[in-house]
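Have the sequence and the model open side by side. The paragraphs below walk through them.

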Amino acid sequence: MPLQLYLSTRKGVWIATASSDRKSWHLRGPSFLGTQCHHTVLDPRDRRTLLCASRQWHLGPTVFRSEDNGETWKEAERPPRFPKGDARERAVDHVFWLTPSNAGEPGVWYAGTSPKGLFRSDDGGRTWDPVAGFNDHPEQHNWVGSDKDQTPDGGKLHSILVDPADASRLYLAMSGGGIFESRDRGGAWKPLNLGVAMDFAPPKDDGSEYLYGHDPHCVVQHPARTDRFWQQNHCGIYRLDRPGERWERVGRNMPKDIGDVGFGIVVHPRDPDTAWVLPMDGTENWPRTAPGGRPALYVTRDGGQSWRRLDQGFPREQAWWTVKRQALCADACDPVGLYLGNTNGEVWMSDDEGDSFRCLFRHLPQVYAVTVGEPQ
Amino acid sequence: MSVRVVVPGQLRGYTRGRPEVQAEGATVDAVLWDLDRQFPGFRFRVIDEQDRVRRHILLFVGEERREDLHSPVPDGAALQLVGALSGG
């Protein structure tokens, strides 16, 4: 089948199917009308299983799965949940993030929740269990912070990454809390935040860096050059090449009048030096809209040393969008297609790696997430 | 003990569209477990994993609002679940 976009919104899920040349798109839906849908992801391994993280305003959180391209959905038999009697009395408010494991672990998925928790399914999303190595780590309550260290509708565990070559190597990010790494499939964890600014915290008396407590908005690992990571943080754009442990703030090379604040970041599927960001206004009271009401992506083709503005096709003025962290993605075509959904219910795409954009759909509910897949 | 359960619109996907169903149990908790047996997944959408009634769900036994899952449900009483004001 041709490419599909999975559009998770504040009030349901829509699926858009492309023509073979990506010039025309057909929209169908909604599924789960009236339900907040945070993430809908097609399993790239079987290209058949579709999972959706959902909550209805009144009802608790759950995960739905479909094996017929979103025509019918079945609820997980055991959705992500903390153990009854949890010492901190945690209960999942919403499932925010879904990540399939790598190709060597078919059927394995991870989920990130609010409040911050990590969960794993070994059966394609039918049943989920807490990852105790993270959720019950004796330091975890320090990592996740207090009520003041949360995004407005609750803290988020997101950007769960499974190394494409080694499923025992996991990464996750928390807003707030920072980035953490495991080398044993989630048993033990350590922070990975050196070099990352924390403008919202005072300098430490001894001059040392905070090890955690940062606010990564989105973290990605290059699918081919797997030692390269990028993050769009509350405090800038960063790149990290492992085995290094210190992030480099490549966002300092962004134009000063635009800054390097944003939510999402996406990488070129083949070129590890190419990444796109969508800056937002992080000045004064943080409106989190397109700077100046003029939306644009910025692309680097040299690993973050320089950035170029991409705004052809976008409104030239008075467009006060926000694009959330899960709502910016890329396909693997050549040239790469870029997709974004905004808080105004619009979905935009570029089929020329960002040189020009066009609006595919308008009038949807606020878009929470856009993912791309190629079903069987 | 058979109890008449009034199901709000938000949960009728579980009851195959039925606004009222019958369940067994002498307490709110027992009735909810029986509903979960009949309609898998029902309870977790109403009660969280720490046995707290979800924030925007109200439970009434007769006309009395109940938060305690151990509250009795008298024979012949109705358990009504209500989706409280929420959303937007």
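This is a predicted model: local features need pLDDT of at least 70, side-chain atom pairs count only at pLDDT 80 or more; totals for chains, interfaces and linings use all residues.

Residues are numbered from 1 along each chain as its sequence is written, while chains are lettered from A and ligands numbered from 1 in the order in which they are written.

Start with chain B. Chain B holds 2 helices and 5 strands. Both kinds of element are DSSP runs, numbered from the N terminus: helices are H or I with at least four residues, strands are E with at least two. From the N terminus, the order in chain B is β-β-α-α-β-β-β. Its C-alpha atoms fill a box of roughly 40 × 25 × 25 Å along the principal axes. The radius of gyration of chain B is 12 Å, which agrees with the value near 12 Å for a compact globule of 88 residues. That radius is taken over C-alpha atoms, and the globule rule is 2.2 Å times the number of residues to the power 0.38. Of the 88 residues of chain B, 31% count as buried. Buried means that 20 or more other C-beta atoms, placed from the backbone, lie within 10 Å of the residue's own.

Now the meeting of the chains. Here 15 residues of chain B are in contact with 14 residues of chain A; contact means C-beta atoms, placed from the backbone, within 7 Å. The chain B side divides into 3 nonpolar, 7 polar and 5 charged residues. Ala, Val, Leu, Ile, Met, Phe, Trp, Tyr, Cys and Pro count as nonpolar, Asp, Glu, Lys and Arg as charged, and the others, Gly among them, as polar.

Next, the interior. A nonpolar core is a set of buried Ala, Val, Leu, Ile, Met, Phe, Trp, Tyr and Cys residues joined through C-beta atoms within 7 Å. The largest has 100 residues, and Leu172(A) is one of those with the most contacts inside it. Leu172(A) touches, among others, Leu118(A), Leu157(A) and Phe180(A). A second, separate core of 21 residues includes Leu11(B) and Phe42(B).

Finally, look at an open sheet in chain A, with 3 strands in the order β16-β17-β18 and antiparallel pairing. Strands pair if DSSP finds at least two bridges between them. β16 (216-221) and β18 (236-241) of chain A each have a single partner strand, so one side of each lacks a neighbour in the sheet. Strand β17 (residues 228-233) of chain A is joined to β18(A) by 6 bridges. In β18(A), Leu240(A) is the bridge partner of Phe229(A).

Key: A residue is buried if 20 or more other C-beta atoms lie within 10 Å of its own, exposed if 12 or fewer, and partly exposed in between; C-beta atoms are placed from the backbone. Two residues are in contact if their C-beta atoms, placed from the backbone, lie within 7 Å. Lists of a residue's contacts leave out its neighbours within four places in sequence.
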